[in-house]
Amino acid sequence: MTITDGASIPVLPLLPSDEEKALRVAVYRIAAGFGPTYFKAVSDAGRSPDELWRALGDNGFLGEHLPTEYGGGGQGLQELVAVLEETAVAGCPLLKLLVSPGIIGTIVNRHGTDSQKRRWLPGIASADLKFSFGLTEPNAGTNSHNISTVASRKGDKYVVNGQKYYISGVDDCDYLLLVTRTGYDSRGRGALTLLMVDPNADGLTKQPIATALDEPEKQFTLYFDNVEVDADCRVGAEGGGLRVAFDGLNPERILSAAVSLGLARYALDKACEYARTRTVWSAPIGTHQAIAHPLAQGKVKLEQARLITQKAAALYDIGMDAGEVSNIAKLAAAEAGVGCLDHAIQVHGGNGFATEYALAQFWFLARLQLTAPVSREMVLNYIAEHTLKLPRSY
């Protein structure tokens, strides 16, 4: 979308408003009341952080970006970015925030029928309902056109058969928004359709995937064997699901960036405090440039990533094309998150690997953001082709 005469031009403030400051403080206080010790405990127990989720919902922070008529805050993605970032800064990086309110809430709000909005959005905002998103497949990877999970229309129902891979939190959700293939387009690519599925439906089998992630959101392979879905649970037009899905995938990239930014701030804060107070010889270790410079460089990368993430959210909120900047934000923030966490662990020496210091437990989660929800390589492919106008490489 281009800006035309009379169209609003997005304004990106250089300083947070009083409202944003209040939002961030409130979210941080709630999440800090639980903190990294709680987050690790629920992860180790293999259960959902329900207490924190309920506290965020009871205070209205899960639906900041949703319309007030459905129990939301009537704000935008920028406000949800603040929620994800501050929970991560407090040591509680909730990936379900990215999926349930972020992807699913946005898709339903933009493409759901009035009945579907009334049915699902209030539950998202209140924390009464949790959602998962089923897109990836073992033989499709990042090529969504190659999805092979098929939904066949039979009367007033769809019948689903196929397999999904690395689906997060499906053991702890009330609904699964599933991306299926219902035919082919004029170019022979899969015509996609989104269906809201009961995660406990007959014919749906969940198989856990063991990962190194120290995180309460578990991963699953899903098998669909003639799973029936009511036709009124289709979100958007049949065959138009790619466009519908991407209205959730750009927010996913932006919100992934928010998680990375929060982890970067969390790690940098702990590293700087340790460098100011840890004395081995005659002065705090932070006086040594070998310690100080990597932390300063981490701060530079963090601030650059925060600015581009704010720009991406602002463009998305006014309905402009945010594809390029969302991808840039996702990659920049992921690199900042991994870099700051790595430096923080190094500053702590052996203590960086002790659970007492609550750093190493976040390593794989921070590293994951360079691979998912879209890999570093695919982000660079996108920028090369769409921004730099280089020949398509895949």
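Me: Hi! How many aromatic pairs does a search of the whole structure find?

Reply: Seven. Rings of Phe, Tyr and Trp (its six-membered ring) pair if their centres lie within 6.5 Å; planes under 30 degrees apart count as stacked, over 60 as edge-to-face and the rest as tilted. A word on the source: this is a predicted model, where local features need pLDDT of at least 70, side-chain atom pairs count only at pLDDT 80 or more, and totals for chains, interfaces and linings use all residues. Residues are numbered from 1 along each chain as its sequence is written, and side-chain values use heavy atoms, leaving out hydrogens and water.

Me: Which kind of pair do Trp-120 and Tyr-175 form?

Reply: Edge-to-face, at 5.7 Å centre to centre with 65° between the planes. The pair links distant parts of the chain, 55 residues apart: Trp-120 is in helix α6 (residues 114–126) and Tyr-175 in strand β4 (residues 175–184). Helices (H or I, at least four residues) and strands (E, at least two) are DSSP runs, numbered from the N terminus.

Me: Where does UniProt put the "Acyl-CoA oxidase/dehydrogenase middle" domain?

Reply: The unreviewed UniProt entry places it at residues 132–227. UniProt positions are in the numbering used here, feature names are shortened, and annotations may be inferred rather than shown by experiment. That span is 0% helix and 55% strand, and its end C-alpha atoms lie 17 Å apart.

Me: And the "Acyl-CoA dehydrogenase/oxidase C-terminal" domain, where is that?

Reply: UniProt, again in an unreviewed entry, has it at residues 239–386. Residues 239–386 are 73% helix and 0% strand, with end C-alpha atoms 25 Å apart.

Me: OK, helix packing. How do α8 and α9 cross?

Reply: The axes of α8 (residues 289–317) and α9 (residues 323–347) come within 8 Å and cross at roughly 155°. Axes are lines fitted to C-alpha atoms, for helices over the stretch in contact, and angles run from 0 to 180 degrees between N-to-C directions. So α8 is roughly antiparallel to α9 (under 35 degrees counts as roughly parallel, over 145 as roughly antiparallel, 65 to 115 as roughly perpendicular and the rest as oblique). The crossing of α8 past α9 is left-handed, meaning the near helix is turned anticlockwise from the far one by less than a right angle; clockwise would be right-handed.

Me: What classes of residue make the contact of α8 with α9?

Reply: There are 16 nonpolar, four polar and two charged residues. Ala, Val, Leu, Ile, Met, Phe, Trp, Tyr, Cys and Pro count as nonpolar, Asp, Glu, Lys and Arg as charged, and the others, Gly among them, as polar. Contact means heavy atoms within 4.5 Å.

Me: What about α4 and α7, at what angle do they pack?

Reply: About 35°, with the axes of α4 (residues 77–89) and α7 (residues 241–277) 7 Å apart. Their crossing is right-handed. The α4 side includes Leu-80 and Leu-84, and the α7 side includes Ile-254 and Tyr-266. By class, the contact has 14 nonpolar, one polar and three charged residues.

Me: Changing topic: which residues does the cis peptide bond join?

Reply: Ala-372 and Pro-373, with omega about 0°. Pro-373 is in the loop between α10 (363–368) and α11 (376–387).

Me: And what is phi of Ala-358?

Reply: Near 50°, a positive value in a residue other than glycine. Ala-358 lies in the loop between α9 and α10. For background, most residues other than glycine have a negative phi, and most peptide bonds are trans.
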